[in-house]
Amino acid sequence: SSEIRNLEVQSADDVAVLEDCIHFSLAKTISKTEEKLEREGLPDCLDDDIIPSIGNEIGAEAEIRFLKAKLCVMQEELDSIVCECKKKDDENQNLKSRLKDTEEENTRLQRTMSMQRSQTEKYKMLSQEANKKSEGLQQEVMALEKVLQ
């Protein structure tokens with residue numbers, strides 16, 4: 001199992017990262033893998049759970065076909081995940097745009113509310129002044145009525 005771990009650590013550089021997948025080509029990967037197998041041969045540790053328990057019973061060509069099929073499935077999964085990520089990015093951009101619009105609308109409504117508050121205060125003061133003037137005029141009217149009587 002330590003050999004398997006070492007092999008996993010050594011092959012970690014071959015792991016596809018989303019940024020690396022932009023120019024990913026399945027055909028290139030397959031041909032590189034085939035060339036590597038031809039140069040180096042099959043790894044010593046075949047019981048690494050890549051191929052089910054029949055791994056030792058099938059030939060090298062069958063194993064390569066199996067691995068190619070598995071690679072194709074993984075590529076389809078990767079394509080699906082990349083597509084899903086793009087959809088999520090689009091949705092995220094849409095939500096950011098909506099958030100920006102909402103914040104702008106909120107700012108506009110805050111300004112409108114502030115102007116309406118100031119107008120309300122202004123009209124309250126005018127109303128109070130008018131009430132005071134009205135009371136003064138009523139007192140003047142009452143005084144004039146007393147003078148007339």
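Trainee: What share of the contacts in the protein chain with a separation of 6 or more comes from residues 24 or more positions apart?

Mentor: A contact means heavy atoms within 4.5 Å. In the protein chain, residues 24 or more positions apart supply 57% of the contacts with a separation of 6 or more. Please note that this is a predicted model, in which local features need pLDDT of at least 70 and side-chain atom pairs count only at pLDDT 80 or more, while totals for chains, interfaces and linings use all residues. Residues are numbered from 1 along each chain as its sequence is written, and side-chain values use heavy atoms, leaving out hydrogens and water.

Trainee: Which secondary structure elements does the protein chain hold?

Mentor: Helices (H or I, at least four residues) and strands (E, at least two) are DSSP runs, numbered from the N terminus. Here there are 3 helices and 0 strands, in the order α-α-α from the N terminus on.

Trainee: Where in the protein chain is confidence lowest, and where is it highest?

Mentor: The pLDDT is the predictor's confidence in each residue, from 0 to 100. Its mean over the protein chain is 80, and 71% of the residues reach 70 or more. Confidence is lowest in helix 1 (residues 2-10), with a mean of 44, and highest in helix 3, at 94. Over residues 1-20 the pLDDT is below 50, and this stretch has 9 contacts in the model beyond near neighbours in sequence.

Trainee: How many salt bridges does a search of the whole structure find?

Mentor: A salt bridge requires a side-chain nitrogen of Lys or Arg within 4 Å of a carboxyl oxygen of Asp or Glu. The search finds 1, which joins the side chains of E105 and R108 at 2.5 Å, N to O. Both residues lie in helix 3 (residues 60-148), 3 residues apart, about one turn of the helix.

Trainee: What is the accessibility of E105 and of R108?

Mentor: Buried means under 20% relative accessible area, exposed over 50%, and partly exposed in between (1.4 Å probe, protein chains only). E105 is partly exposed at 35%, and R108 is partly exposed at 40%. Of the 149 residues of the protein chain, 5% count as buried.

Trainee: How many disulfides does the structure hold?

Mentor: A disulfide is a pair of cysteine sulfur atoms within 2.5 Å. The structure holds 0. The sulfur of C85 is too far for a bond, because the closest cysteine sulfur, in C83, is 9.4 Å away. C85 is partly exposed, at 30% relative accessibility.
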